[in-house]
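Biologist: Could you take a close look at one part of this model for me, and walk me through what surrounds it?

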Amino acid sequence: MRSGDFKEDYIKDEAIFQSVFVKFWLGLFFVFLVLFPFAANIHMLYIANLIGFAVIGAVGLNLLTGFTGQISLGHAAFLGVGAYASAILITRCGFSFWLSVPLAGLVSALAGFLIGLPSLRVKGLYLCIATLASQFIFGFIFVHWESMTNGITGIHIPPPSIGDFKFDTERKFYWITLVSVILAVGYARNLVRSKMGRAFMAIRDRDLAAEIMGINLFRYKLSSFAISSFYAGVAGALWVSFLKVVTPEHFPFLLSIEYLAMIIVGGLGSVLGSIFGAIFMTLVPETLSVLSDIVKEMAPGWENLIIPFKEVVFGFLIVGFLVFEPHGLVEIWNRIKKFFILWPFSY
Amino acid sequence: MLVNNIEVIYHNVILVLKGMSLKAYEGQIVTILGNNGAGKTTTLKAISGLLSSEDGKVTDGYIQFNGERIDRTSPEKIVRKGIFQVMEGRRVFGDLTVEENLVVGGHINKNTKKMREDIEKVYHYFPRLAQRKGTLAGYISGGEQQMLVIGRGLMASPRLMLLDEPSMGLSPLLVAEIFEIIQRINKQEGVTIVLVEQNARLALSIADHGYVMENGRIVLDDEASKLEQNADVQEFYLGLTEVGKKSYRDVKHYKRRKRWLT
Amino acid sequence: MSDSAKEDIQLLIEDIHLDFGGLKALNGVSASVRKGEIFSIIGPNGAGKTSLLNCINRFYTPSKGKILFEGHDLLKYKPHKISTLGIARTFQNVELFKYMTVLDNIKLGRHIHLKSGFLSGGIYYGKTRREEIELREEIEEKIIDFLEIEHIRKSIVHTLPFGMQKRVELGRALAMKPKILLLDEPAAGMNLEETEDIVRFILDINEEWGVTIILIEHDMGVVMDISDRVCVLDFGEKIAEGKPDQVRRDEHVIKAYLGQADLTLSRLGA
Amino acid sequence: MKKTVFFVLSVIMFCGMLGIAIAEQLPTICAIHPYTGRFAFAGIEGAAAMQDVVDMTNEAGGINGKKIQYYWADGEYKDDVGIAAFKRLYAQYKPQIMFGQSTGMTKALGPEIKSRYKTLYSAYTFAQEAANPKENPYLFLPGPRYVDQFGVLLKYIAKEKPGANVAFFYSDTEFGREPIAAGKEMCKKLGLHFVAEEISKVGGVDLTTQVLDMKAKKAEYCIFHGFVSNPVTAVVKLSKDYGLNIKFMGTFWTTEQQLLNELGPLAAEYRGVSAYSFFYQSEFPEIKKIQEWTKKKYPKIQYRSQSYMQVYMSTTLFVESFKRADKMKGGFNKPENLVKAFQSIKNYDVGGLMPPVTIVNNSVPVGRIYRGNAKTRQFDPISDWIVIED
């Protein structure tokens, strides 16, 4: 049982990391993150990078959907806008990678701002369909504005570098991803506990009452769209710089759905939940692939049964988690935490 | 109906009711008094089976209705056994008309003739509803909505009706009207009624038996008329002191403590 | 009305008409609320009491009429701007932010008084951090302490019983540092003891914080005991206004609203 | 949760590394087959083809006595899944040769194969990018580029009906769009009128607008590209219903026996181009060999598709490259050797699976035109092997 956890002033109670225990585990986790690239092989690092991009994208979407309550089906498009913006800035305008990423975020934020305009008039499912428009509009632009995007051929992007040092392998890129993820998560975590984050949640829970509190719905909804798209843009820019190529097929509609799945499985309205969701949606299919490959080797002749089966398992896992804990993985996490805090009593 | 020593837990961790017991005989009006959060609504939900939809469950004790155990039965089966809960907050189907709301309430009746009779019965008790039967339920006044949800409950031909704060937010005139109707329903239909109500005087005036609840358990119970005479009840629920009525202006300067001996 | 009383008028409602597709919700209602008083509005369900508050809040736009608050024409303001003038309110059915903690809900009340933006908010350092901690201190000491809700301050609102939610909503309104507070049935769904608590808070807010209060309430015990003046609405029209004792005896009021005298005072044991 | 999963992964990787330690010197091929997803029809056949060639070679003594190791994973025909699988297999087995699942994956990995992995690479694609030895020395195609396939068909049309009206019907994918621009250019050169381009989703169902558009624009020939059988049958049937008189043709992936089965009596209306002989052309010794092997190993299987032939051909070229590179200084573990060995292949006899193979620009630019036979539901050759020259 964890006890002796008393706070003496409000400063401590307002801190993000509330106890020595949390700090300890977080520290340990950080050490793990730093040591990870030295122990892992390319494939694990590749997946780790992908998880990183997914975390940034998912945190962004959660700010919009989980915190502000505006469902977006266009997240993939904003990833695409950021990706293309950075690719074009780097290859055509001669910007460095380091400058192109925040700029890509801004371009994407602007796109999000525009797509968010209907949110002032429409809500819920209607808004959902309105954001779907972004998918088609930007998808069309990626393919057909050939002078800029090279159409379906896509753009090859040189790896980021500092002086002569090139971030051209998964291991080197890992550091860029890690720092970006920490910045992105830290910013979001702070944002949601400050004035703006509270306003977002207020709009989600009761927009009428939010107006009484003097919250300008117009401004905050659009801010939410812009910030969310900024995150998506950064995630997209990092992703394609990592892949070294960008084509329109990187941003299918399905990707938007996957991002929604991430935050729903992880936990709506929770920064931690977005992280869990991103890990889940990236790592689980990958692990299942690995497992199915192993099983396949062990049972030759059965591969055409075993391999497709992984999708079924993945589907069941998602449904299973949602049935078991509709509030997402973060709720399971909270429950485990509560169990240890209260242990050995059950309530 | 018998509730025996039940314990209710929400989300596996939050204990709401601890050893709560309650009895209601056929044809009685039983009222539960108590603070907000004492567990009155939870008790009603435990009886009607609606706990499960809020991730709560009865972990100890049992609930019997006409000798049959019902605490593990699903809500829709409980309704069919004749128990109906009228929830607080006037939950009408705002996009349906008054009459359609009643039809929905009577959906467990299979034949239309019985349905028609039941609707007429509701109009008999609530003549105001008959006047507004074609209006969308979202546009009728709060008092009429309260009447509608009670009427809708009546459509299920219940043997036991659980009423959760029927007077909330209603004008004095309407409160009187609704309580009178509740009494008539009880007398004429023989429906047993469990009433959760904040207006203690009113509740005790129509009830046969009263329970006082605090922190998830019953601290006091007696015949309604005796309860009305209890000094503690008089002070805490009826607003009477030794010298008679007191003004709300007086409470400003002191904060009382309760003296239940539990 | 004497000259001095006129100067004291904080909120002036003049000839308000409001209709919903032909249905007249308010039909030429006028009223004036003086600074520092408790002004109650009573009337049968559907009489237009809440609609009147909604007009002041600018959720509804009256088809005719004028509302002046300390010289500002409220009808020229957008709903989210009303709060900046110092008008706060609570709702009949509680309009809290259900999935947030009590503390966050109350902090939201202070929204308009905070300065941090999206950049400084996300970095949470220096000014923003100081501002947040000051805010926390003030809310804890002034509001949470006052309303006696320390024990639930970290609970998620929708898990709380209705009566507590009403208290939290009052706290949120107070956090707005209002000059005038509109309370819509603050004692609904409360038993005597809880009602006494709420009344105690209302009186404190009024007398010690000097906030003007407009109160809608069905509990005649409360209304008659604490109001300075009472206004009675029926079918969107004002049928009486005056001191509680006057109103209580008014024949129209008894017929439309109060009913028989014994029921009126049912809670008072008179 | 993250940590436990990583732990499990680490254990798997560790076992994998043990495997590398043993297999280091052996010739290794890794492949990503689209075993599930919408390209599964090809992936399942391809996985079997590669296994077969490896088994045949190993039975015959491997690469100068060294047995070929073959590992593969499912890429689901999704680029990200495929790339992850590529990295995983690479990390685990350090293969000298890899095989990928799609055009998109080939494009995405191209730069890295050149700079880091340096594996000889081919894929389920005939995209131009893989036939550019200057840019991508390690990438190759075991047949003609899509552009070349268009070339073969267009030249055939120009000969059959000079100045004819031509329409392209392609899918809304990277693979579908790839040769379109070049195809239009070619029409101009050959004096054909390019009148319409119709785009549809893969597996699209309502194609009336496209068919009516072709009718309005008086198309006489229509070339399908970027599909599997699905919309093709629908379009051919619909055109008959609307009374259009269009001659339909298709590139490699739409020249498949299954399509003829679906077309039924309309099979005779359809022509396609392929680089490989068909399973039933037993007059060729290599095909005969495949038939016998199939009968022996998979008695239930009646037919091997063109996808099988493609991967079979690729693997044959892989094996030949291994053999040639093994004789060079540094052996096949030196990436440059494999490329040199591969590019040195000239007039290499593959027993009629293709005409004798000569590598030109890392591809094998030959094709043959086939016509559907409504009776046998087979493709009959209607031209000789056409070698495409730029």
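This is a predicted model: local features need pLDDT of at least 70, side-chain atom pairs count only at pLDDT 80 or more; totals for chains, interfaces and linings use all residues.

Turning to helix packing, two packed helices are described by the angle between their axes and the distance between the axes. Helix H3 of chain A (residues 42–67) and helix H12 of chain A (residues 253–266) have axes that come within 9 Å and cross at roughly 75 degrees, which means that H3(A) is roughly perpendicular to H12(A). On the side of H3(A), the contact is made by A:Phe53, A:Ala54, A:Gly57, A:Ala58, A:Leu61, A:Asn62 and A:Thr65, while H12(A) contributes A:Tyr259, A:Leu260, A:Met262 and A:Ile263.

In helix H13 of chain A (residues 271–298), A:Asp293 and A:Lys296 lie 3 residues apart, about one turn of the helix. A:Asp293 forms a salt bridge with A:Lys296, with 3.6 Å between the closest N and O atoms, and both A:Asp293 and A:Lys296 are buried.

Chain A also takes part in a network of salt bridges that links A:Glu170 and A:Lys244 with D:Lys87, D:Glu112 and D:Arg116. For the whole structure, a search over all chains finds 56 salt bridges.

Definitions and conventions. Residues are numbered from 1 along each chain as its sequence is written. Chains are lettered from A and ligands numbered from 1 in the order in which they are written. Side-chain values use heavy atoms; hydrogens and water are left out. Axes are lines fitted to C-alpha atoms, for helices over the stretch in contact, and angles run from 0 to 180 degrees between N-to-C directions. Helices (H or I, at least four residues) and strands (E, at least two) are DSSP runs, numbered from the N terminus. Angles under 35 degrees count as roughly parallel, over 145 as roughly antiparallel, 65 to 115 as roughly perpendicular and the rest as oblique. Contact means heavy atoms within 4.5 Å. A salt bridge is a side-chain nitrogen of Lys or Arg within 4 Å of a carboxyl oxygen of Asp or Glu. Buried means under 20% relative accessible area, exposed over 50%, partly exposed in between (1.4 Å probe, protein chains only).
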